[in-house]
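I opened my notebook to look through a structure and jot down what I could find. Here are my entries, in the order I went.

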Amino acid sequence: MAKRFILWIALLSMHQFATAQNVFIPDNDLIIYFNNAGFSGCLTGDSINLSCPAVENATKVNISGYEVSNIDVLAQFPNLDTLIAVNCGIEAINLPFFYGL
């Protein structure tokens with residue numbers, strides 16, 4: 001019985017590791033935005049889990065007022081269709097990254 005339980009825990013841990021898609025966030029202000037905008041449960045340090053329901057369901061991101069300079073990680077949000085970036089640190093956007101917007 002104990003061996004089955006340990007095996008079950010090991011398999012569950014491997015599944016969790018295999019399904020989590022943590023991506024590095026290179027911009028501290030974007031991490032602050034994620035914390036303030038309801039994505040805090042998806043964050044682990046300076047990485048965000050792309051398989052987190054909040055990330056998977058996000059259709060709009062509004063980084064207005066945040067001094068964000070690198071938004072490359074947003075290109076990996078699967079359902080993002082609106083990006084609002086007014087009075088922020090964005091100077092240019094690499095459009096091939098954002099083919100879905």
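Predicted model: local features only at pLDDT ≥ 70, side-chain atom pairs only at ≥ 80, totals over all residues.

**How much is buried**

Next I looked up the surface. The accessible surface of the chain is about 6700 Å², and carbon and sulfur atoms account for 56% of that.

**Helices and strands**

I went through the secondary structure and got three helices and five strands. Which pattern do they follow along the sequence? I wrote it down as α-β-α-β-β-α-β-β.

I also checked contacts between residues at least 6 apart in sequence, and 37% of those join residues at least 24 apart.

**Cysteines**

How many disulfides does the structure hold? I found one. Cysteine 42 and cysteine 52 form this disulfide, with their sulfur atoms 2.0 Å apart.

Where do the two partners sit? Cysteine 42 is in the loop between α2 (28–36) and β2 (43–44), while cysteine 52 is in the loop between β3 (47–49) and α3 (53–57). So the pair ties together parts that are 10 residues apart in sequence.

Then I looked up the handedness. The torsion about the S-S bond of cysteine 42 and cysteine 52 is about -55°, so I noted the disulfide as left-handed.

Are cysteine 42 and cysteine 52 buried or exposed? Both are buried.

Last entry: cysteine 88. Its relative accessibility is 17%. The cut-off for buried is under 20%, so cysteine 88 counts as buried.

Methods
Residues numbered from 1 in each chain as written. Heavy atoms only, no water. Helix = DSSP H or I, 4+ residues; strand = E, 2+ residues; numbered from the N terminus. Contact = heavy atoms within 4.5 Å. Areas by Shrake-Rupley, 256 points an atom, 1.4 Å probe, with all protein chains shown as cover. Disulfide = S-S within 2.5 Å. Buried < 20%, exposed > 50% of the residue type's maximum accessible area, 1.4 Å probe, protein only.
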